[in-house]
Amino acid sequence: MATFFLLVIYIAFISLGLPDSLLGAAWPVMRIELGAPLDAAGLVSMTIAAGTTVSSLLSDKMTKRFGTNKVTAVSVLATAVALLGFSLSPAFGWLILLAVPLGLGAGAVDAALNNHVALHYAARHMSWLHCFWGIGASLGPVLMALFLAG
């Protein structure tokens, strides 16, 4: 069962890495449809980063109170809803609003799963964990390019 959970965590880190590199690949097309300037992507990125930082700092308290499973489930749901909202956003303001749960969710799941792996698995799994994040971060722009080309 421990191996199964580790595989699920690896897959979660692939999905955690996917959106981290999507904004840069999608922004040239998104900004035109939203009527936003090129540099507005920085505001979205900074909002996501702020949410990630806040949730990472609060992760220990949240995990102790609710457990890794609940924190992860709620965080993944918040991240998924925010990403869906990004794809449906009619205006730039919505991106800023949705960047908050995206950052909060991503930071919480990242910190909670990192902590879980550090406490329950051998140290080498932490390296593999971040390798899988890199796979997701590498695949994000590729998938976006395929989507935009299609």
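Which residue forms a salt bridge with Asp 60, and how far apart are the closest N and O atoms?

1. The partner is Lys 64, and the closest N and O atoms of the two residues are 3.3 Å apart. A salt bridge here is a side-chain nitrogen of Lys or Arg within 4 Å of a carboxyl oxygen of Asp or Glu. A search of the whole structure finds one such bridge. Asp 60 and Lys 64 are separated by about one helical turn, because they lie four residues apart in helix α3 (residues 40–66). Helices are DSSP runs (H or I, at least four residues), numbered from the N terminus. Asp 60 is partly exposed at 44% relative accessible area, while Lys 64 is exposed at 66%. Buried means under 20% relative accessible area, exposed over 50%, and partly exposed in between, with a 1.4 Å probe and protein chains only.

2. On the basis of the note: this is a predicted model, in which local features need pLDDT of at least 70 and side-chain atom pairs count only at pLDDT 80 or more, whereas totals for chains, interfaces and linings use all residues. Residues are numbered from 1 along each chain as its sequence is written, and side-chain values use heavy atoms, with hydrogens and water left out.

3. Helix α3 also contributes to a surface feature. A nonpolar patch of about 610 Å² is made by Val 54, Leu 57, Leu 58, Met 62, Phe 66, Val 100 and Leu 104. The elements giving two or more residues to this patch are α3 and α5 (92–120), and α3 provides the largest share, five residues. Patch members have over 30% relative accessible area and no salt bridge; nonpolar side chains (Val, Leu, Ile, Met, Phe, Trp, Tyr) are joined within 5 Å, and like charges within 9 Å. Areas come from the Shrake-Rupley method with a 1.4 Å probe, and for residues only the protein chains shown count as cover. Val 54, one of the patch residues, sits in helix α3 and is partly exposed, at 42% relative accessible area.

4. Aromatic pairs come next. The whole structure holds four of them. Phe 4 and Phe 5 make a tilted pair, 5.9 Å centre to centre with 55° between the planes. Rings of Phe, Tyr and Trp (its six-membered ring) pair if their centres lie within 6.5 Å; planes under 30 degrees apart count as stacked, over 60 as edge-to-face and the rest as tilted. Phe 4 is partly exposed at 48% relative accessibility, and Phe 5 is partly exposed at 42%.

5. Tyr 10 and Phe 132 form a stacked pair, with 4.6 Å between centres and 10° between the planes. This pair links distant parts of the chain: Tyr 10 belongs to helix α1 (residues 2–17) and Phe 132 to helix α6 (residues 124–149), 122 residues apart. Tyr 10 is buried, with a relative accessible area of 8%. Ring pairs link Tyr 10, Trp 128 and Phe 132 into a cluster.

6. Which side chain makes a polar contact with the side chain of His 125? That of Tyr 10, at 2.8 Å. A polar contact is a pair of N or O atoms within 3.5 Å; within protein, one must be able to donate a hydrogen and the other to accept it, and residues adjacent in sequence count only if both atoms are side-chain atoms. His 125 is found in helix α6 and is buried, at 14% relative accessible area. The C-alpha atoms of His 125 and Tyr 10 are 9.2 Å apart, although 115 residues separate the two along the chain. Leaving aside neighbours within four places in sequence, His 125 is in contact (heavy atoms within 4.5 Å) with Leu 6, Tyr 10 and Val 117.

7. Two other buried polar residues deserve a look. Asn 114 lies in helix α5 and is buried at 16% relative accessible area. The side chains of Asn 114 and Asp 110 are joined by a polar contact of 2.6 Å. Ser 75, in helix α4 (residues 68–88), is buried at 7%. With neighbours within four places in sequence left aside, Ser 75 is in contact with Gly 105, Ala 108 and Val 109.

8. Gly 93 lies in helix α5 and is partly exposed, at 46% relative accessibility. Gly 93 and Ala 50 are 43 residues apart in sequence and 17 Å apart in space, C-alpha to C-alpha.
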